[in-house]
Amino acid sequence: QEIVRCMGWNLLGPLVQLILKKEEGSLQHCLAIFSNIMDVCSPKELLVGLLEQVEDADADKIAETVLLLLQPLQTVLRTLGKKKASSVGMSLSTILNQLSQLPVPYTQEQEEDDTYGLCQCCTALLGFVGPFVEEVKQDQLSPDCGENELRTELLKFCMKSLGEPLLQAQLSTDLDSPDSSPLRHFATEILAILSNLGESLPGLLLHHLLKKKEEPGFLEEDAKYPRESLACLAYLLFVQHIAIERFPAVFSPVFVLHCNMQYIDVLLSRTEESRLSKGMELYEKSLVRTENNSLPVDLLDLKFFLTVPQNLVKVMTLCPIQHLRTKALAVFQLSIDKFDTEAKYKFFRCLLRTSHHAGVEGYIIKNIKNQIDYALQPGNSNVWFSGAQMLTLLRCILTLPEGPETDLLQNLDRIMESLNLLRFLLIRDKECDNQTGVWTELYKIEENYLKPLHTGLNMSRAHYEAELKSTKENKKLKGSAESKCTVTVGNETLPNMTPEMQLQVLHSALFTFDLIESVLARIEEIIEVKVKP
């Protein structure tokens, strides 16, 4: 027995391997030996041995190993008395590191199947930390309660759990039966643990907003409360409505939006689908609670009120996942709708300068057209989308980035929306009213925009017609099998273009030039009719 007491913990590795095999002939004997070792060996040695088994578990045995060893680990830790805080922290960190290797269920069916055992482990983990949370809760009732190391370790566990797996999890939105989702239950209990540890959920969310960098210990506090974890907390509160009853209803929707913007920015600056979708959902829920045309221009002086829309633009234009791009566009428009008139004006000017994407610029110009249309209606006049301010914006719109040499196909969305806006202004704003000032500016528009655009069209048409003629001749000379064009995108070679494909592309380009020219001709007709004496 003395040998077992001194050396028995070395048998943990072989025993755990045999127990996990679940061979009928040896299982009961191995469990009995394992139980005896747990009873007689040194708790500190057992702790090291058990954590080694968790850490060294094979990739396909992680969940089984964790589920097997959680109860023995808890028993060992509880024998360590008041000095167990660091050991509890080390145990939780080791377990979470291993669980982070397990795939997180994406659908409700996957969560129910729980093929890799993550959901079972999360549920078991709640039982594992339960006694330690209760101990901290009781200690906090003591009047001479000082800094509690165990509380600090449990807080780290909660913050880490909010990062992984909860930030990756697609939580069930079935609020009528939340217990049917193990991961939703895990999220609910993590927030309950935070409250039991004496953490105020509003205080956590406002932590970075109120904290000044000049204060001592800021970097340490920043590590203690990771922004990604707090972003997940905001998502759970305001999107999933978990523990929302603990968030005061007295805060205004604009203040809640302001509070959440830094967390939305953290999520939208990533590329993972789970983070992007949560960031957009949190932004949408925060915006929906505010009234249209209510956000003042002062908010644009705050960093995140510009970086968040810019990150949305990146999702709209660069994300390879279609439904995320569609969602980003919808949320982007919702954010525009919430700004007041002056804020919209300055927001549009900023994005026209910074987006560097013809599709986004075209979308902004379309929004500007809608704002002008509204301002020209009786009783809706404003200084931002009419008169001098409008002319300043119009000069930003009616310009070709590289003059006549501008790539018209690449800038098609912007050019077409710009021409549509100009045509709208000439029809909608009568020359005698000239509310937008477009008629005063007309000679400059013709000189600086319409003439260079005409020149660019002629150059582009001539180039593509020459290419079309050359391609047809090459096709006749070489034959369709030999004449192919290779296209490379992002260091990846696309399938070769046949001559038929090349001809189709060239015809499409010439059709696009016809389209631009038809709108341009219509604008010139309107000008000619209106200015004719």
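Biologist: Which ring does the charged end of K369 sit over?

Modeller: That would be the ring of F424, with the charged end of K369 5.1 Å from the ring's centre. Keep in mind that this is a predicted model.

Biologist: And what about K278, which ring does its charged end sit over?

Modeller: The ring of Y235. There the distance to the ring centre is 5.2 Å.

Biologist: OK, now rings with rings. How many aromatic pairs does the structure hold?

Modeller: There are 12 aromatic pairs. One of them is F128 with F132: their ring centres are 5.8 Å apart and the planes meet at 70 degrees, so we call that pair edge-to-face. The cut-off for that label is an angle over 60 degrees.

Biologist: Is F128 buried or exposed? And F132, buried or exposed?

Modeller: F128 is buried, at 2% relative accessible area. F132 is buried too, at 1%.

Biologist: Next pair, please. How are the planes of F332 and F347 arranged?

Modeller: Their planes are at 45 degrees and the ring centres are 6.2 Å apart, so this pair counts as tilted. F332 is in helix α18 (residues 322-338) while F347 is in helix α19 (residues 341-354), so the pair ties together parts that are 15 residues apart in sequence.

Biologist: What's the relative accessible area of F332, and of F347?

Modeller: F332 has 0%, so it's buried. F347 has 1% and is buried as well.

Biologist: Which residues do ring pairs link into a cluster with F332 and F347?

Modeller: The cluster also takes in F339, Y345, F348, Y363, W384 and F385.

Biologist: Switching topic: where is V360?

Modeller: V360 belongs to helix α20, residues 358-375. V360 is buried, with a relative accessible area of 3%.

Biologist: What does V360 touch, leaving out residues up to four places away in sequence?

Modeller: V360 touches V313, M316, T317 and S355.

Biologist: And how many Å separate the C-alpha atoms of V360 and L329?

Modeller: Those two C-alpha atoms are 9.7 Å apart, and the residues are 31 apart along the chain.

Terms used
Residues numbered from 1 in each chain as written. Predicted model: local features only at pLDDT ≥ 70, side-chain atom pairs only at ≥ 80, totals over all residues. Heavy atoms only, no water. Phe/Tyr/Trp six-rings, centres within 6.5 Å; stacked < 30°, edge-to-face > 60°. Buried < 20%, exposed > 50% of the residue type's maximum accessible area, 1.4 Å probe, protein only. Helix = DSSP H or I, 4+ residues; strand = E, 2+ residues; numbered from the N terminus. Lys NZ or Arg CZ within 6 Å of the ring centre and 35° of its normal. Contact = heavy atoms within 4.5 Å.
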